Amino acid sequence: MPPPYPAITVPQTPAQIEAALADLAASFPALCTLDRFPDKSVEGRDIHFIKIANGSGSNRPVMVLIGGVHARESAPPDALIRFAQSVLVSHDGGSDITFPAMSCEPLPSGPAVDYPDFTILASDVKRIIDAVDLYIAPLINPDGRLFDQLHPPSSFTGGWRKNRRAHADPAKIGVDLNRNHDIAWKFEDYYDMALYRADYPTGPAEAVDESKDTYRGPSVASEPETANVQWIVDTKKPAFFVDIHQFGRKVLLPWGLEDNGDDPTMTFSSPAWTGKRDGLRPGSLSLPLTGPDYKEFVTDDAPHFVRKNLGFIGDTMRDAILASAGVVLGSTAPDPRRDHSTFEVAQAAVLYHPVGGGPVTGTTHDYAFRKQFDDPARAPVFAFGIESGHEEEAGFHPDYASPPGHYAKIEREIHAALIALGTIAAKLGKPCLVATATTGTPDHPDVVTLRRFRDAWLGPRFDRCYYRISPPVARYLLAHPWARAAVRHGLVGPAAALLRTFPEPATRAPGRTPPERTAPGRTD
Amino acid sequence: MSLVQIAGSAEVLRAVVAMPEIEDVRASLVTLDDGNLRVAAYASDEAVEAAVAAGAVVVVLVSTEAVAEQQSRLAAVIEQGRGARGEV
């Protein structure tokens, strides 16, 4: 179907979502390619995803967006399809993405909140698509989605959450894919269970009970849908990963396992901590009087400042959503749009504590996040979960009609957040860490010259080597001014000057036109 | 089954979300200005009554009847569309 694409007025079935992906690849062959996950769903359905990119090369940052992990969360797959349509139409025609002014009627009885029109500039979309390899897998769990759509819940649950792994007992069908990933899946090995249960008695029991919504599965990554998520993370190597869920207006930061900490000896992979991690919040009365309060390590070292930038990126997505709603950032004047559009940015492990839910294991975004700790050459990885929507927008099943405008509002918010994230990804690029450390800025002409040469001529093998070696070198240089000056004047400056004496093609591989790149964003 | 907001102290909410026939949506948990907490949940009418009796403040966002009607209607529309498109 050629654009313009009609608004989505009914939650799309898995077949419609598959058809929409194929249609985009056929309609925009220069920008969009269709690919299939290696594993079919447990009921035998093919699952596809698309790649959107203008340009190629091993140095382009990768952003992976997934949705539909939980079956009943109807909005994210549809919003991701709309997002893909929006950015492709925008890039192809140089047109802005426009959302008209709208009203949304929050439950239970309004009053309606008016939102102004919202525009995403074509230049912003172009900047992202020209610089970033964008992968969109809108529906990870098609079996569960179709079951939820055709079987309104008869009990007190809000719908079907898990996949459709067969079981002779209907009450035990399915696995929670977001507890099945290879990150502390066997939580009995990760936590000191006696300590953990002191504050969170129900969580572990539910995760091993097949009849519960959070059943973790019979073994790690047992489900084909889980294997697909792990495959796209492992093979596409995203620096930016987002799993969009529903509902609660949250931007969730890693870790889900534990509170974040700064002790590099406290890691999920450390055998010294097997079965000894408490999982408890600081100050918990259940913590032993002696011994450390375990916190899962997140580096905040140069050059990537991962912990700081997780918060920065989360805040940026939150602010982008507020701005899309017409909220004046920084103003404290009463504004119903702020009341109904503010996403809380919080670490996933902390979120559930007050009502007795503990940290969580086996989640998608913790799996993506762990990759930089398994392989430092993969750093940085910024992974997020977004809980789109709200109970006042009808929970798992928002109304797609306008009024009340529940789905339309969620779709706008997801667009705003993802464009903000993509803009950061486009600016980050793959930085020249050593050269940046010596000059103090990624925008210095010498750094830009070296980066262009690297992007044009040096391949993945160089990348792997460089990104393994350069972070500690950059840290050393940042800490030692004399070394920084020596490398700056003895290596970086002369090398850049030499490259500039060559004609322009010297920094451009034959037959390739490197995309226009903006200066990489600061990572400090 | 209705869609509700349940508010109260941490102690009250811990007790309420452990009740049968209440499925809290933990990602919806927020801290209110007065220090109390609020979480969304799907709950049977009996469970709502029990939550109120336990000291929680419950706001019904979508009633049991409305949830059932909306979801049944949506399922019918989706089923009809699948048939028209020949989806299997």
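Over how many bridges do strand β1 and strand β3 of chain B pair, and in which sense? Strand β1 (residues 2-8) and strand β3 (residues 37-43) of chain B pair over seven bridges in the antiparallel sense; two strands count as paired if DSSP finds at least two bridges between them. Helices (H or I, at least four residues) and strands (E, at least two) are DSSP runs, numbered from the N terminus. The model is predicted: local features need pLDDT of at least 70, side-chain atom pairs count only at pLDDT 80 or more, and totals for chains, interfaces and linings use all residues. Residues are numbered from 1 along each chain as its sequence is written, and chains are lettered from A and ligands numbered from 1 in the order in which they are written.

The open sheet of chain B has four strands in the order β2-β3-β1-β4, with antiparallel pairing. Strands β2 (22-31) and β4 (57-62) of chain B stand at the edges with a single partner strand each, so one side of each is left without a neighbour in the sheet. Neighbouring strands of this sheet are turned by 25° against each other on average, direction ignored. Helix α2 (residues 45-53) of chain B packs on the sheet and touches β1, β2, β3 and β4 of chain B, its direction making about 10° with that of β1(B). Contact requires C-beta atoms, placed from the backbone, within 7 Å; axes are lines fitted to C-alpha atoms, for helices over the stretch in contact, and angles run from 0 to 180 degrees between N-to-C directions. Chain B has a mean pLDDT (the predictor's confidence in each residue, from 0 to 100) of 94, and 100% of its residues reach 70 or more.

Chain A comprises 17 helices and 14 strands. Helix α2 (residues 75-93) and helix α3 (residues 122-131) of chain A pack at an angle of about 100°, with their axes 9 Å apart. This makes α2(A) roughly perpendicular to α3(A), a class covering 65 to 115 degrees. Helix α2(A) contributes V87(A), S90(A) and H91(A) to the contact, and α3(A) contributes A122(A), V125(A), K126(A) and I129(A).

The contact between the chains takes 30 residues from chain A and 37 residues from chain B. The predictor gives the complex an ipTM of 0.97 and a pTM of 0.88.

Definitions and conventions
Two residues are in contact if their C-beta atoms, placed from the backbone, lie within 7 Å. Angles under 35 degrees count as roughly parallel, over 145 as roughly antiparallel, 65 to 115 as roughly perpendicular and the rest as oblique.
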